[in-house]
Amino acid sequence: MKTILKLLVTALSVVLLTYLLPGVGVGGFFDAFIVAVVLAVLRLIVRPVLVFLTLPATIVSLGLFLFVINACIILMADYFVTGFRVNGFFWALIFSILLSFVQSFLHKILGTEEEEG
């Protein structure tokens with residue numbers, strides 16, 4: 001149940017950000033939900049591989065290269081989901097940063113964040 005709620009929060013975040021960013025678009029809430037599912041799968045499978053392969057660049061940049069990895073994952077989601085569009089790397093980078101902030105904010109409000117301990 002918590003996973004579905006997290007996917008819905010991500011979908012809501014995607015919809016909100018498409019209204020704020022002119023370089024990002026989504027067809028509707030269903031497409032945003034599909035984007036949330038694709039992002040979850042890509043973050044689960046592709047992100048660890050990319051982090052491992054780019055570890056030297058991440059260390060040299062003091063972790064800032066992780067933003068580039070997140071932008072690449074957003075561009076991959078753009079490729080896989082037909083109702084979702086991102087107009088270039090810059091918009092993917094801005095979208096990924098804002099998506100992280102909006103998701104954190106909504107998870108805190110709704111109480112869906114992971115409990116530590």
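Which residues does Phe 84 touch, not counting residues up to four places away in sequence? Here are some friendly notes on this predicted model, starting with that residue.

1. Phe 84 touches Val 14, Val 24, Gly 25, Val 26, Val 35, Ile 74, Ala 77, Asp 78 and Phe 95, once residues up to four places away in sequence are set aside.

2. Phe 84 also belongs to the largest nonpolar core, which has 27 residues. Together with Val 14, Leu 39, Ile 74, Phe 95 and Leu 99, Phe 84 is one of the residues that touch the most other members. At least two residues of this core come from each of helix H1 (2-20), helix H2 (29-53), helix H4 (65-80), strand S2 (84-86) and helix H5 (89-110).

3. Now for the fold as a whole. You will find five helices and two strands in the chain, and from the N terminus on they follow the order α-β-α-α-α-β-α. The chain is as compact as a globular protein of its length, because its radius of gyration of 14 Å is close to the 13 Å that the globule rule gives for 117 residues. Along the principal axes, the C-alpha atoms fill a box of roughly 40 × 40 × 25 Å.

4. On contacts: taking those between residues at least 6 apart in sequence, 64% join residues at least 24 apart. Buried residues account for 34% of the 117 in the chain.

Technical notes: Residues numbered from 1 in each chain as written. Predicted model: local features only at pLDDT ≥ 70, side-chain atom pairs only at ≥ 80, totals over all residues. Heavy atoms only, no water. Helix = DSSP H or I, 4+ residues; strand = E, 2+ residues; numbered from the N terminus. Rg over C-alpha atoms; globule rule 2.2 N^0.38 Å. Buried < 20%, exposed > 50% of the residue type's maximum accessible area, 1.4 Å probe, protein only. Contact = heavy atoms within 4.5 Å. Core = buried A, V, L, I, M, F, W, Y, C linked by side-chain atoms within 4.5 Å.
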